[in-house]
Amino acid sequence: MGLNCISSYVPWILHEEKEGEFNFSGNLDLSAFLDLCAEKGLYVFIRPGPYIMAEMKKEGIPFWVSEKYPDALPVGFHDERRECNTLDYLHEGYLSTCQGWYREVMKIIVPGCRATAAASSAFSLTTKSACSTGCRITR
């Protein structure tokens with residue numbers, strides 16, 4: 001069919017179910033996935049989130065994040081907190097946990113990703129954003 005690019009989320013909620021315990025093995029082996037894409041000559045549009053919207057529970061953000069930072073839950077009228085899937089994405093605790101996620105996931109993504117002018121592959125931090133950069137997976 002002539003398709004040569006694959007887009008994939010890297011769901012934080014699956015890779016860090018418990019705070020500080022990262023799992024990139026078995027069916028969650030991101031390195032093996034990127035190796036396979038490179039072996040097959042596929043370009044990759046990698047999307048590590050953290051926010052991946054409705055495709056996963058809690059928009060891909062681990063449950064423990066909102067449990068650890070209940071004050072990051074949105075506040076409605078009259079200061080009412082309601083159970084919802086979103087968080088205040090500028091909350092200091094949330095941003096701090098995102099940094100930990102990026103530190104771990106980038107250990108896998110960055111070694112095989114070399115910036116090129118051709119933008120043969122791409123990287124996106126958000127689910128529906130034009131904020132991305134080109135890179136080539138070279139394993």
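1. Glu59 counts as buried at 11% relative accessibility (buried is under 20% relative accessible area, exposed over 50%, partly exposed in between, with a 1.4 Å probe and protein chains only). Its phi is near 55°, a positive value in a residue other than glycine. Glu59 lies in the loop between β2 and α3; helices (H or I, at least four residues) and strands (E, at least two) are DSSP runs, numbered from the N terminus.

2. On the source: this is a predicted model, in which local features need pLDDT of at least 70 and side-chain atom pairs count only at pLDDT 80 or more, while totals for chains, interfaces and linings use all residues. Residues are numbered from 1 along each chain as its sequence is written, and side-chain values use heavy atoms, with hydrogens and water left out.

3. With a relative accessibility of 8%, Lys58 is classed as buried.

4. The loop between β2 (43–47) and α3 also holds Pro50. The peptide bond that joins Gly49 to Pro50 is cis, with omega near 20°.

5. His91 sits in the loop between α3 (63–68) and α4. Its relative accessible area is 15%, so His91 is buried. Leaving aside residues up to four places away in sequence, His91 touches Tyr69, Asp71 and Ala72 (contact means heavy atoms within 4.5 Å).

6. Helix α4 has 18 residues and spans 25 Å from its first C-alpha to its last, close to the 26 Å expected at 1.5 Å a residue; the expected span is 1.5 Å times one less than the number of residues. Buried residues in α4 include Gly93, Tyr94, Thr97, Cys98, Gly100 and Trp101. Val105, Met106, Ile108 and Ile109 of α4 are buried too.

7. Helix α2 (residues 30–39) packs on helix α4 (residues 92–109) at an angle of about 30°, with the axes 9 Å apart. Axes are lines fitted to C-alpha atoms, for helices over the stretch in contact, and angles run from 0 to 180 degrees between N-to-C directions. The angle therefore makes α2 roughly parallel to α4 (under 35 degrees is roughly parallel, over 145 roughly antiparallel, 65 to 115 roughly perpendicular and the rest oblique).

8. Which residues make the contact between α2 and α4? Leu30, Ser31 and Leu34 contribute from α2, and Val105, Ile108 and Ile109 from α4.
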